[in-house]
Structures are given as C-alpha cells and as structure tokens.
Amino acid sequence: MATGRTHRPATRSRGIPEATVARLPLYLRALTALSERSVPTVSSEELAAAAGVNSAKLRKDFSYLGSYGTRGVGYDVEYLVYQISRELGLTQDWPVVIVGIGNLGAALANYGGFASRGFRVAALIDADPAMAGKPVAGIPVQHTDDLERIIEDNGVSIGVIATPAGAAQQVCDRLVAAGVTSILNFAPTVLSVPDGVDVRKVDLSIELQILAFHEQRKAGEEAAAAEGTIPAATRGDSADQGPDGDVPAVMPA
C-alpha cells in the first residue's frame, strides 16, 4: 500500500479552494452514514442538511470535483464516498506519529477514528523516560531521543503534537527537520514553520471562548427582547456576514 511519504493529495493542483477542502470531510461523514444504511442516492438538499451547509454551496463544492449529480435522482452515495476519499488522500495509508502522551495524547492514541479513515498511528513518542516502553492503545511509547529515526523508519509525513505549549515549537522543529510536512497541533501555542509545511491547530479553549461569546450574545438578545428592543449589534444583520452567508470566526485578541 502506498505511504503518505511518497504520495500527496491532488487538491491543490486541481485548484480546489481551501474552504471547499475544509467542507469535504463534513460531506464524507454524512455520506458514510448514508452508505452504512445502504442508501443508494441522496439529493443535494438532503446531503447539505446532513452536512450542515446550504445546498447551493454543496453543489458548487462538488462542481470542483467534477460531480454534478443526476436531475431527479441526486448523487450516487458510494461513488461520492470514493471520489471525496480519493480527493482527500484517504485511499492511501498515512502513517502518523503522536508526540506527547499525556492525557490528551493517550486519548488520541485510543481514538478509533484514525484507522477507519486511513490514518495509521505508527508511533507514540514522549520525553518522559518513565513512559518508554509503556503500551498505550497497544503501542509501546518511545522516547523523543529516537524521534528522527522513528520518522525515517516509518516514512511519516504527518505529525500530531500534544505536548505542553513550552515544548511544542522544539518538537515541531525536529519533526520538520526529520521530513514531516503536515502537523496537527493540539498544544495551546502558535507554531512557526517554513514554507511547504502545513499546520492545523486545534485549540479547545478558543472554541469554548467562541461558544461563550455566542451564549453572551443570546442572553443579551433575550434581555433586549424582554424589554422590547433588539440592539443592532446583536441582530445578526447581513452586514456582519461573509459573502456566503457565513458569520466570520471570532478570535480572541
């Protein structure tokens, strides 16, 4: 089976917008659920509702894949599953290393969704000598001293960082120097990487802060409604939305 080290997905060369790429996993998740229920076809409206987007945006996204569906029939579920999986590179084997096997790292190692989506956890790495050799999710933890050798031996191009913030940049630098070109960062810090290296950041505290903002806004709207007035700043006017009707992400300063 091909490994992630020698094969890259074709999305960039095909000119698919990043916003569309970000939605493809949502479509794939919805389509996989339909496939598991043996649903043969799905309309754009049904699939859009299941993925949480509007149907016009879905049809536009699928046009980049060259998939337009059949009028009166809809989209072939199995074909779309294959087509999106191929576009995302999920028809290949992607060996992944997780660095930082604390509570979060251990939880990620035990997550069954990696293998079912084409990601094989090739190694678990931690700086604590006491962790060396300890099995987590059936995989023995290895020490960070061996990081470069592990990357080379397993042909790894995707690394997951689940270390404390203070150690994340050093780990990132070593991963990149060893040949890793894509990083999923769970550490609460911004990583600096050279051109050609992709970083996706997952910060649960930021997501909670965004939810807190919306909760506060809803509370303000309810209070204003009780008083008979709705402040302009909380009405959700179209001027506050992006060109596709999306509310821009709110990031803390």
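Author: Helix α8 gives the most to the lining of the second largest pocket, supplying four residues. Please keep in mind that this is a predicted model. Both α5 (103-109) and α8 (165-177) supply at least two residues each to that lining. In total, 19 residues line the second largest pocket, and those nearest its centre are Gly 100, Thr 163, Pro 164, Ala 167 and Val 171. The space inside the second largest pocket comes to about 260 Å³.

Let us move on to a pair of helices. Two packed helices are described by the angle between their axes and the distance between the axes. For α1 (residues 18-36) and α4 (residues 77-88), the angle is about 145° and the axes are 9 Å apart. Their crossing is left-handed. On the α1 side, the contact is made by Val 21, Leu 24, Pro 25, Tyr 27, Leu 28, Leu 31, Thr 32, Leu 34 and Ser 35. Helix α4 answers with Val 77, Glu 78, Leu 80, Val 81, Ile 84, Ser 85, Glu 87 and Leu 88. The residues of this contact divide into twelve nonpolar, three polar and two charged.

The structure holds three aromatic pairs. One of them joins Tyr 27 and Phe 62 edge-to-face, at 5.0 Å centre to centre with 75° between the planes. Tyr 27 belongs to helix α1 and Phe 62 to helix α3 (residues 55-64), so the pair ties together parts that lie 35 residues apart in sequence.

Finally, have a look at Leu 90, which sits in the loop between α4 and β3 (94-99). Leaving aside neighbours within four places in sequence, Leu 90 is in contact with Leu 28, Ser 85, Arg 117, Gly 118 and Phe 119. Leu 28 and Ser 85 are also among the residues that make the contact between α1 and α4. As for Arg 117, its C-alpha atom is separated from that of Leu 90 by 6.5 Å, although the two are 27 residues apart along the chain.

Definitions and conventions:
Residues numbered from 1 in each chain as written. Predicted model: local features only at pLDDT ≥ 70, side-chain atom pairs only at ≥ 80, totals over all residues. Heavy atoms only, no water. Axes fitted to C-alpha atoms, helices over the stretch in contact; angles between N-to-C directions. Left-handed = near helix turned anticlockwise from the far one by under 90°. Contact = heavy atoms within 4.5 Å. Nonpolar A, V, L, I, M, F, W, Y, C, P; charged D, E, K, R; others polar. 1 Å grid on protein atoms, 1.4 Å probe; cavity = no way out; pocket = protein on both sides within 12 Å on 5 of 7 lines; lining within 4 Å. Points joined across faces, edges and corners; volume = space filled by probe spheres on them. Phe/Tyr/Trp six-rings, centres within 6.5 Å; stacked < 30°, edge-to-face > 60°.
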